[in-house]
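Dear colleague,

I am passing on the structure below, which you have not worked with before, and I would be glad if you looked it over before reading my notes. The notes follow directly after it.

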Amino acid sequence: MLYRLTFISGLAVGYVLGARAGRERYEQLRKAAQRVAQNPAVRNAAESAAQNGRSAASKAVDTVSSKVGHRLPDSVADRVRSLREQRGATEDDWGTSNT
């Protein structure tokens, strides 16, 4: 699915950059992209992907920390610990909305 989305996005960008259709066609494409981006189903899918990404990143941090954490310099380990403490467990700093 990601490959397909990337391919379609690349086609759209290539068309806009390479087309000689002019400003009118560009505006049509821009408005269509805005409609897609504002679609609730698309927004929900994006939110779900963001949550899955945060979950995977959290698991990766825990795995890496458990495997190489003891080999990190104390200053780095202390900094990581302080950043974790500053950021609350429920705080969402990714700019996503829960829609």
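What is the volume of the largest pocket? In this model, which is a predicted one, the largest pocket has a volume of about 540 Å³. Its lining is made up of 17 residues, and those closest to the centre of the pocket are Leu5, Ile8, Ser9, Ala33 and Val36.

Ala33 has its place in helix H2, and because its relative accessible area is 46%, which falls between the 20% and 50% limits, Ala33 counts as partly exposed. Between Ala33 and Ala12 there are 9.7 Å in space, taken from C-alpha to C-alpha, although the two are 21 residues apart in sequence.

As for the overall layout, the chain contains four helices and zero strands, so that reading along the sequence gives the pattern α-α-α-α. Of the 99 residues in the chain, buried ones make up 3%. The accessible surface of the chain amounts to about 8500 Å², and carbon and sulfur atoms account for 58% of that surface.

On the surface there is also a nonpolar patch, formed by Val13, Tyr15, Val16, Leu17 and Tyr26, which together have about 470 Å² of accessible area. Helix H1, which runs over residues 2–18, supplies the largest share of this patch, namely four residues.

The chain has a mean pLDDT of 78, with 83% of its residues reaching 70 or more. Confidence is highest in helix H2 (residues 23–38), where the mean is 87, and lowest in helix H4 (residues 74–86), where the mean is 76. Where pLDDT is low, predicted coordinates should not be read in detail.

With best wishes

Technical notes: Residues are numbered from 1 along each chain as its sequence is written. This is a predicted model: local features need pLDDT of at least 70, side-chain atom pairs count only at pLDDT 80 or more; totals for chains, interfaces and linings use all residues. Side-chain values use heavy atoms; hydrogens and water are left out. Patches are made of residues with over 30% relative accessible area and no salt bridge: like charges are joined within 9 Å, nonpolar side chains (Val, Leu, Ile, Met, Phe, Trp, Tyr) within 5 Å. Accessible areas come from the Shrake-Rupley method with a 1.4 Å probe; for residues, only the protein chains shown count as cover. A salt bridge is a side-chain nitrogen of Lys or Arg within 4 Å of a carboxyl oxygen of Asp or Glu. Helices (H or I, at least four residues) and strands (E, at least two) are DSSP runs, numbered from the N terminus. pLDDT is the predictor's confidence in each residue, from 0 to 100. On a 1 Å grid over the protein atoms alone, a cavity is a set of points where a 1.4 Å probe fits but cannot get out, and a pocket is an open set with protein on both sides within 12 Å along at least five of seven lines; lining residues have an atom within 4 Å of a point. Grid points are joined across faces, edges and corners, and a volume is the space filled by probe spheres set on the points. Buried means under 20% relative accessible area, exposed over 50%, partly exposed in between (1.4 Å probe, protein chains only).
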